[in-house]
Amino acid sequence: MATIHKAKENPMKLADRKLLIRGRTARSGRVTISGAKNSAVAVLPACLLAEGTSILQNVPDIADVAVQREILESLGAEVSDGDQPGELRLSVGDVDAEVPYALAKQLRGSVLLLGPLVARKGEARVPLPGGCAIGSRPLDLHLKALRELGAEVEIEHGHIAARARRLVGAEVYLDFPSVGATENLIMAATAAQGTTVVYNAAKEPEVVDLANFLNAMGARVVGAGTDTIKIEGGRELRPVEYTIIPDRIEAGTYLLMGLAGGGRVTVENVIPTHLEALLAKLEEAGVELTDGGDYISARLEGRPKALQLKTLPYPGFPTDLQPQLSAFLLLANGTSVISERIFEDRFGHVDELKRLGGKVEIDGRTAVIDGVESLTGAPVTATDLRMGAALIVAGVAARGETLIDGVEHILRGYERLEEKLTQLGVACEWVE
Ligand code: EPZ
């Protein structure tokens, strides 16, 4: 085994290392959950909607936030760390309208600059993010929504170029409750003349968090969290101090990691209602749960029961927990069937899980998992964020050592990873 090094957990520095997991070591642990990546990645661009200094609390120290921060700085905003951990101060004056390709290509969430820039500047040039490991991920709904508010939107030279002398409120029906399209539309509509109504809107908690942030700034967004959202445009927005919600996907991931290791796990600083779909499935699998209001404890005796599920938009089962749950069900008693309904290509983890002894067959967008008695550790490689998290779940459950490469993908969305795994009682180290 290569030289072992303990390194301070700076995501950028750690990306060229591997993570070593010694399985079946987790006994019982408590993990405090950080701020939500998918909320921070939307709230940061929304700060451009108001001149002055916004202060954000509970911002996770992860690679995706670091890139979004760099994008805001490249547009002219000043971003600095506050006195508290997780505090960011964003001073916004006049901003540019063009997002640099070199930064945008590192983060799909860079598309969330579109709405705020069109609203603030009347124009935006945002590089097309391109496909990713989990699917083609088109942006047709984002572009259609902006056009319905009166913007001219073209794809030119690999960029989305949007211009609007004046945005006008409209009734917009989204063909699919896309999280990103809903967020871009809400942000643009704050600057539109008149009222915008979004039908078939995404209901994710991160969409609600963005709406709450906008309302704190003086906007009037009503109905977030339901499938019909109304935005009264043209109100003056001012900078505020705001705290990002806890990350339900990080919480779900650590619950599954703790249970996979056969231990008792408690995740603190969570909003249990945000995890209802997962908790319902865990109970079905035989997990004993305690909902403590801002914490969840879970314990499992023996092997989980097999499950059937499909991923759906919120409040359905989140696609961002599908790979981790698949890894957890490798040791289930019986055959599980998982249908991925959101992304067309989100079973990239399966071949790697088979290296640890998992029995999984893929049929189109359905995975059939025959539970096995045990798994054995192996070297594996992550090629996307949640796949990486799934490999950790499997590594914790396996006998022996699992060496995970491609950790740069995992550090995009998980803060202080080694520290939190250690809090869970998992024996793990960074390896050169
Ligand atoms: C957000 O992505 C999240 N990312 C994703 O989390 C999450 O998986 C996804 O929502 C679904 O919950 C962020 O919030 C930064 P969508 P987003 O638009 O907004 C199709 C993670 O692991 N679609 O709701 O890109 C699309 O192809 C990431 O943290 C169109 O067809 O997701 C997909 O099949 C991964 N046209 C479906 O809708 C469009 O214009 C859902 O996409 C937009 C989307």
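Predicted model: local features only at pLDDT ≥ 70, side-chain atom pairs only at ≥ 80, totals over all residues.
**Entry 1: the ligand shell**

I began with the shell around the ligand, and its largest share, three residues, comes from α6. My residue numbers start from 1 along each chain as its sequence is written, and side-chain values use heavy atoms, with hydrogens and water left out.

A note on names: helices (H or I, at least four residues) and strands (E, at least two) are DSSP runs, numbered from the N terminus. I then listed the elements that each supply at least two shell residues: α2 (37-46), α6 (140-148), α7 (179-189) and α13 (385-397).

Which residues come nearest to the ligand? Of the 20 around it, I noted D140, L141, S178, D320 and I342; a residue is near if one of its heavy atoms lies within 4 Å.

I also sorted the shell by class and found nine nonpolar, five polar and six charged residues. Here Ala, Val, Leu, Ile, Met, Phe, Trp, Tyr, Cys and Pro count as nonpolar, Asp, Glu, Lys and Arg as charged, and the others, Gly among them, as polar.

I looked for pairs of N or O atoms within 3.5 Å, which is what a polar contact is here. An N or O atom in the side chain of R137 is 2.9 Å from an oxygen atom of the ligand. At P138, a polar backbone atom lies 3.3 Å from a ligand nitrogen atom. V179 also uses a polar backbone atom, 2.7 Å from an oxygen atom of the ligand. On its own the ligand has 830 Å² of accessible area, and the protein covers 85% of that (Shrake-Rupley method, 1.4 Å probe).

**Entry 2: a sheet of three strands**

Next I traced an open sheet in the order β6-β8-β7, with antiparallel pairing; two strands pair if DSSP finds at least two bridges between them. Its edge strands, β6 (123-127) and β7 (152-156), each pair on one side only. Neighbouring strands are turned by 15° against each other on average, direction ignored.

Five bridges join β6 to β8 (residues 159-163), and R125 has A161 in β8 as its bridge partner. Helix α5 (residues 114-121) packs on this sheet, touching β6 and β8, and makes about 155° with the direction of β6. Contact means heavy atoms within 4.5 Å, and angles run from 0 to 180 degrees between N-to-C directions, with axes fitted to C-alpha atoms, for helices over the stretch in contact.

**Entry 3: a sheet of four strands**

What is the strand order in the open sheet of four strands? I read β4-β5-β3-β13, with mixed pairing. β4 (78-81) and β13 (241-243) are the edge strands, and the twist averages 20° from one strand to the next.

β3 and β5 (residues 88-92) run antiparallel, joined by five bridges, and I55 stands opposite R89 in β5. I saw α3 pack on the sheet, touching β4 and β5, at about 140° to β4.

**Entry 4: two backbone details**

Most residues other than glycine have a negative phi, and most peptide bonds are trans. I noted N58, with a positive phi near 60°, in the loop between β3 (52-57) and α3 (63-74). I also noted the cis peptide bond joining Y314 and P315, with omega about 10°. P315 sits in the loop between β17 (308-310) and α11 (322-328).

Definitions and conventions:
Polar contact = N/O pair within 3.5 Å; in protein donor to acceptor, adjacent residues only side chain to side chain.
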